[in-house]
Amino acid sequence: MRFDWSALPAHWIPGEPFATHVLNVMHLLLPEGERWFVEVFKEALPLITDERLREEVVGFIGQEAMHASAHQGAQDHLVNHGIDPGPYVRQLEWFFRVRLNRPDGGRRWLVSRLAVIAAVEHMTAFLGQWVLDSHKLDEAKADPTMLDLLRWHGAEEVEHRSVAFDLFMHIDGRFANRVAAMAVAVPFLVWQWSRGVRYLMASDPRTTQKPCWRDIVKAGRRGLVPSTPHLVRSTLRYFKRGYHPSQEGSTSQAVAYLASSPAALAAGQ
Ligand SMILES: [Fe+2]
Ligand SMILES: [Fe+2]
């Protein structure tokens with residue numbers, strides 16, 4: 001998958017630096033996060049006794065590795081607009097590669113990480129569905145290449161939304177671990193996302209706007225980012241006893257997008 005960023009404006013949602021940078025945080029967070037998913041899933045592969053699940057996990061590893069490199073390209077492009085993401089990204093690298101690296105952690109440590117990935121994949125699935133549905137971004141004339149990256153990635157997240165959950169259920173599946181993992185993942189993501197937005201806004205030479213919590217509520221109401229009530233409701237669904245990711249999102253919509261994505265079509269030629 002190749003995305004050509006040479007014509008990407010700094011504020012790719014025109015006149016909307018805040019909403020642009022809220023979505024730009026994905027390019028900083030996802031490459032490291034998704035590479036970490038890949039490492040953890042490779043570690044879990046020998047424990048999988050179901051052949052079909054193993055195949056799905058192998059497919060998941062390939063998709064996440066591709067997402068990481070696609071967002072890496074967008075991250076590298078920020079430098080062309082005078083925004084150096086290096087200091088923020090190096091902290092994330094330390095967190096994922098050093099802080100989360102516990103070679104003697106054993107099965108319990110593996111289960112904890114699988115539970116966190118399943119929780120995060122619930123969020124990537126509902127965010128993926130949101131971006132597939134987000135007509136307000138088209139109305140705001142968001143850059144079509146960036147929209148294609150977000151929707152291609154979102155569609156693949158919707159498509160493989162059950163894999164991490166099924167793997168967690170196969171290896172452990174305890175409800176308490178599922179709840180605890182979401183309780184860890186949500187504050188971490190809110191913290192990192194708000195740090196990322198503040199970092200990008202402060203580094204952006206084209207804006208003097210100081211972001212605050214009200215901005216995210218306002219941008220959500222206008223449909224440029226997921227709304228706060230939508231985020232809260234979607235997250236809470238994960239705590240239902242009978243939850244399964246197959247109840248979320250639309251596979252047919254995701255597959256239809258993947259069949260028409262300009263970058264996916266170009267890659268298939
Ligand atoms: Fe992904
Ligand atoms: Fe994913």
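Tutor: Let us start with Arg-206, which is partly exposed at 44% relative accessibility (buried means under 20% relative accessible area, exposed over 50%, and partly exposed in between, with a 1.4 Å probe and protein chains only). The model is predicted, so local features need pLDDT of at least 70 and side-chain atom pairs pLDDT 80 or more, while totals for chains, interfaces and linings use all residues; side-chain values use heavy atoms, without hydrogens and water. Residues are numbered from 1 along each chain as its sequence is written, and chains are lettered from A and ligands numbered from 1 in the order in which they are written.

Arg-206 forms a salt bridge with Asp-204, with 3.7 Å between the closest N and O atoms (a side-chain nitrogen of Lys or Arg within 4 Å of a carboxyl oxygen of Asp or Glu). In contrast to Arg-206, Asp-204 is buried, at a relative accessible area of 3%. Asp-204 sits in the loop between helix H8 (175-203) and helix H9 (213-221) (helices are DSSP runs of H or I, at least four residues, numbered from the N terminus). The side chain of Asp-204 also makes a polar contact of 2.7 Å with that of His-11 (a pair of N or O atoms within 3.5 Å, one able to donate a hydrogen and the other to accept it; residues adjacent in sequence count only if both atoms are side-chain atoms). Leaving aside residues up to four places away in sequence, Asp-204 touches His-11, His-21 and Ile-83 (heavy atoms within 4.5 Å).

This bridge belongs to a count of 13 salt bridges. Another joins Lys-42 to Glu-39 at 4.0 Å, N to O; both residues lie in helix H1 (residues 17-44), three residues apart, or about one turn of the helix. Lys-42 is partly exposed at 44%, and Glu-39 is partly exposed at 49%. Arg-174, by contrast, is exposed at 53% relative accessibility, and Arg-174 pairs with Asp-172, the closest N and O atoms being 2.8 Å apart. Elsewhere, Glu-32, Arg-35, Glu-93 and Arg-97 are linked in a network of salt bridges.

The iron ion (ligand 1) and the iron ion (ligand 2) are 3.7 Å apart, and Glu-64 coordinates both. Glu-64 lies in helix H2 (residues 51-78) and Glu-157 in helix H6 (residues 144-159), so this pair ties together parts that are 93 residues apart in sequence. Glu-64 is buried at 0% relative accessibility, and Glu-157 is buried at 2%.

Terms used. Helix = DSSP H or I, 4+ residues; strand = E, 2+ residues; numbered from the N terminus. Donors = N, O, S within 2.8 Å, 3.2 Å for Na, K, Ca; no water.
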